[in-house]
Amino acid sequence: MGRVNQSSGAPAPIKHFSHPHELELIPTDPQYPILCSGCKLKASGIMYECSPCNFTLHSTCAQLPKLITHPSHPGCNLTLLPVSSYAGGRFNCDACNRYGEGFSYHCGNCDYDLHVLCAKKPMKVTHRAHSCPLELTFKIPYEAKGFSCDICRQIGSKQWLYRCSFCEFDVHLDCTTAMPKPKPVVHHHHSFPSASNQNHLMAPGIPMNPNYPHPIHSASTGSQFQAPHNMMHGASMGGITNPHMGPVNTGFVPTNMAPAPPMQNNIQQPNMVNGLGATLMTAAVQGLVEGAFQQVGQTVMEGIIGGGDSGGDGGAGGGADGGYSEY
């Protein structure tokens, strides 16, 4: 009858040193995702599998060499281990500084361990965010023993990185395919007096002048004007002395009027940004100036009243003779 042909076109099962049973190529079911027993990543496509043991390997993981050398650890051979030799079966990868389970490349003399995927990292990559090639760097070149990734803006330490040394452009191992995050925008907040605080400091139509920083209300005229810090009353001129404008005539001044005390021009007013502080300082200055003007006005009125008393006596005598006179 002849021999039965067992060749059906299906790949033959393989034997892998990491598992005692044969592994067959079986398509994975997307509805039941499983992890590769070697790299611990999600299984996809056709996998080598031992169904009774639930052991699965990517075809690339099944073909990993058992012994390699790596430029990050010169002078030693790295052996492929299906399970870590440390207690608990876990290891810390010297490339990405993360814990790992599953396959690893190990140096027994130095306790140097690498994920199988970290051991396969290319020596150079390119990124759309930088025009220069990025080289795989095994030691952080900065004294702080850390770096800031120019893609994710996060800090990295005790791990490899891709770097352009000429531009000092640094990238995490996992950020070589990620889009760069925008740089944070720093907003500077400035505090200024509110519009309501500024409106009562300036009369309509009076521009602000650096030599006249504060408007002052005149007790005699009821108007506002800008008073400089070095404003002084001129006793001889009967007005206000301004070094920039000259004497300003303020009207009739009696000869018996005592000169008003000069304002102190050596008092420095603090530069207040806060609206309340500026309002209080302005009110204090206004009070001092209004007091001086009130003193001047009182002296003027006393002079006028004094002259009116003498004339009033004469008017009283005239009234006895022929009644009072209307003006």
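Trainee: Why is alanine 129 counted as partly exposed?

Mentor: Keep in mind that this is a predicted model. Alanine 129 has a relative accessibility of 34%. Buried means under 20%, and exposed means over 50%. The value of 34% falls in between, so alanine 129 counts as partly exposed.

Trainee: Where does alanine 129 sit?

Mentor: Alanine 129 is in the loop between β11 (124–127) and β12 (130–137).

Trainee: What does alanine 129 touch, not counting residues up to four places away in sequence?

Mentor: Alanine 129 touches Ile151, Phe169 and Pro180. Contact means heavy atoms within 4.5 Å. Threonine 176 is another residue to look at: from alanine 129 it is 47 residues away in sequence and 9.7 Å away in space, C-alpha to C-alpha.

Trainee: Is histidine 130 buried or exposed, and how do you know?

Mentor: Histidine 130 has 15% relative accessibility. The limit for buried is under 20%, so histidine 130 counts as buried. Histidine 130 lies in strand β12. Its contacts beyond four places in sequence are Cys164, Cys167 and Phe169.

Trainee: What makes arginine 163 and aspartate 170 a salt bridge?

Mentor: Their side chains meet at 2.9 Å, N to O. The rule asks for a side-chain nitrogen of Lys or Arg within 4 Å of a carboxyl oxygen of Asp or Glu. The 2.9 Å pair meets that rule, so it is called a salt bridge. Both arginine 163 and aspartate 170 are buried.

Trainee: Why is the pair of glutamate 101 and arginine 90 called a salt bridge?

Mentor: Check the number again. The closest N and O atoms of glutamate 101 and arginine 90 are 3.9 Å apart. The cut-off is within 4 Å, so the pair counts. Glutamate 101 is in the loop between β8 (99–100) and β9 (104–107), while arginine 90 is in the loop between β6 (78–81) and β7 (91–92). The two residues are 11 residues apart.

Trainee: Why are glutamate 101 and arginine 90 called partly exposed?

Mentor: Glutamate 101 has 42% relative accessibility. Arginine 90 has a relative accessible area of 41%.

Trainee: What does the salt bridge of aspartate 174 and arginine 98 tie together?

Mentor: Take the distance before the places. The closest N and O atoms of aspartate 174 and arginine 98 are 2.8 Å apart. Aspartate 174 lies in the loop between β16 (169–171) and α3 (195–199), and arginine 98 in the loop between β7 and β8, so the pair ties together parts that are 76 residues apart in sequence. Aspartate 174 is partly exposed at 46%. Arginine 98 is partly exposed too, at 47%.

Trainee: How many salt bridges does the rule give?

Mentor: The count comes to four salt bridges. As for the general idea, side chains of opposite charge can pair when their charged atoms come close.

Trainee: Which strands form the open sheet of four strands, and in what order?

Mentor: The order is β5-β6-β9-β10, with antiparallel pairing. β5 (67–68) and β10 (112–115) stand at the edges with a single partner strand each, so one side of each has no neighbour in the sheet.

Trainee: How do you know that β9 pairs with β6 and with β10?

Mentor: Two strands pair if DSSP finds at least two bridges between them. β6 and β9 have three bridges. Four bridges join β9 to β10. Each count meets the limit of at least two, so β9 pairs with both strands. Leucine 80 stands opposite tyrosine 105 in β9. Histidine 106 in β9 is the bridge partner of threonine 79. Cysteine 107 has tyrosine 112 in β10 as its bridge partner.

Trainee: Which way do the residues of β9 point?

Mentor: Ser104 and His106 point one way, and Tyr105 and Cys107 point the other way. All are buried.

Trainee: Which residues have the most contacts inside the largest nonpolar core?

Mentor: Leu57, Tyr105, Leu114 and Val171 do, in a core of 44 residues. Beyond four places in sequence, valine 171 is in contact with residues including Leu134, Phe147 and Cys149.

Trainee: What does the chain hold as a whole?

Mentor: The chain has four helices and 21 strands. Buried residues make up 32% of its 327 residues.

Note on methods: Residues numbered from 1 in each chain as written. Predicted model: local features only at pLDDT ≥ 70, side-chain atom pairs only at ≥ 80, totals over all residues. Heavy atoms only, no water. Core = buried A, V, L, I, M, F, W, Y, C linked by side-chain atoms within 4.5 Å. Buried < 20%, exposed > 50% of the residue type's maximum accessible area, 1.4 Å probe, protein only.
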